[in-house]
Amino acid sequence: MATVTEEAVQPDASLASPERVAAFKADLVAFLGEKLYSPEQPWDIAVFEGYGRGLVATRDIAVNELIFLDRPILVGPRVNNYDVIFCASCCRIQKRLTLCSGGCRLPICADCDRSAAPETPHTAECTVITSWQPKDQKRYCKTILYALTSIRAMLLNDLESRIVFNMEGHAPRKDMITEIDRLLKDQIFANLPEGSANLTFLRRIVNVLNTNAFETFRIVQDEENNDHEIILRGLYILGALMNHHCLANVRYVFDENQVMWCHASRPIRKGEQIFNNYSKVLWGTQHRIIHLWFSKHFLCECERCRDVTELGTYLGALKCVRERCPNGRLVSLNPLKIASAWQCDKCGLQMGNLKVTKIQEIAGRMVLNNAIKRDEAGILEYLNDHVSRFLLPCNQFTVELKLQAIRKIQGEACLEHLVEKERFCREILTILEQLKYGECFVKGVLAYELFKVRMTIAQRRDEQGCFPDEPALDNLRTAWTILQHSGNRPRDLDQLAQCYGCNV
């Protein structure tokens, strides 16, 4: 169990000193072990001006080459509502809520319950939680479930604890109530007072998690053997050391054992930084900048952020509001300044940032809170009859709707919808090509969907003799190369790749 000391809960300003970096890497290599780390892996930890610590390529790295493997030092529930009830320990779906017999107020299956054996996977964390004397022990407490990932840090050994507290941890915004603050506000425990060493420790852990954690998952089955993807958050130390760039040069997936596989999405030269993208690939610049500022406490100034056209994609651009300017695109005059005015690239109309932000908020609500909840026909109707009137075809919200349509239009859809799905796949792949994003995860998903929809269209048109052609096979090879290690890859991808010889 982690030792809660004053040193453990105080952030250290000397994390980037050569001695600390060397010691940190030695601890990290020991944590990863021989199964995940080898000296041949082409990465090292370095210190970069303006970034602090980061990962550097120790030799030239080819596209699609494995850079590193990583495992979570902490993993557990995210701080969000779930639409199913699952065991807090093994994530097995519970058809009926069953609470832990130890009184920790968490949902626990029969195999993980403390009564099942002298030591179960849940015993240690249950002991920690019950030592704080939970109130109302016969009722399920979501607040404890949301805090469980942080609570599990109490069980780290000395090596793991030392690694975690060598990570950056930004304090939350003043208006933000963390899962640990919620425990206190809701008076969940009788023996976890404000100012205690345990509470200070947990708050430091929350800061580290909020700064560095990744969204991962676990695939579990219910009693009818239906698969469910339980979204979790995991602290992957090596993954978290990658600094941000809006044009990342890596992709990563998580396998069935929650191991992170990080590959090069583009060629990386020796001495270059190994970059991840902390935001979404297909977000416009203003949304990326705001997200990075509020969640990661920095502003990006990469070439994509500086370019008002976003490398010709216009993902963040808005349609000119003048009726006499149907082809005009409103773009920021200074993308690096959140409060910058916007101007039409055709008629010169200028619009203040507040008005632009309002338009984006309305568009976001209409698309994300309404349109994406529709079925395939509803989304296509909304795209064609409504969105096209106030958003550009390349706008990030239009693209998001197209992604949702791609996901919802399956093999049993009518031919007209299948043709639309094929078009959307090609359009978004073109955007990724314009961004020079390389062999990224989104490209793998779209390549798979494009192969499947082309196969279905060929069957409907009785053109099986012409399918698959070489471009279709290229899409399947791309999908297999990018997605093969992902634990939630499409179920039929392995069979398709084997059938057409694309898994070599």
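1. Across the interface of domain 1 and domain 2, the rule finds one salt bridge. A salt bridge here is a side-chain nitrogen of Lys or Arg within 4 Å of a carboxyl oxygen of Asp or Glu. The side chains of R162 and D27 meet in a salt bridge, 2.8 Å from N to O. Four residue pairs are in polar contact between domain 1 and domain 2, both residues at pLDDT 80 or more. A polar contact is a pair of N or O atoms within 3.5 Å; within protein, one must be able to donate a hydrogen and the other to accept it, and residues adjacent in sequence count only if both atoms are side-chain atoms.

2. This is a predicted model: local features need pLDDT of at least 70, side-chain atom pairs count only at pLDDT 80 or more, and totals for chains, interfaces and linings use all residues. Residues are numbered from 1 along each chain as its sequence is written, and side-chain values use heavy atoms, with hydrogens and water left out.

3. Where do the domains lie in the chain? Domain 1 covers 18–73 + 236–273, and domain 2 covers 76–234. These bounds come from an automatic or database domain assignment. The domain centres, taken over C-alpha atoms, are 28 Å apart.

4. Domain 1 puts 19 residues in contact with 17 residues of domain 2. Contact means heavy atoms within 4.5 Å. The area buried between the two domains is about 1600 Å², and carbon and sulfur atoms give 66% of it. Buried area is the accessible area (1.4 Å probe) that two parts lose on being put together, summed over both. D27, I73 and F254 supply 31% of the area that domain 1 buries against domain 2, more than any other three residues.

5. R269 lies in the loop between β9 (260–264) and β10 (275–276), and D60 in the loop between β2 (52–57) and β3 (66–70), so the pair ties together parts 209 residues apart in sequence. Strands (E, at least two residues) are DSSP runs, numbered from the N terminus.

6. Over residues 3–11, pLDDT stays under 50.

Terms used:
pLDDT = per-residue confidence, 0-100. Helix = DSSP H or I, 4+ residues; strand = E, 2+ residues; numbered from the N terminus.
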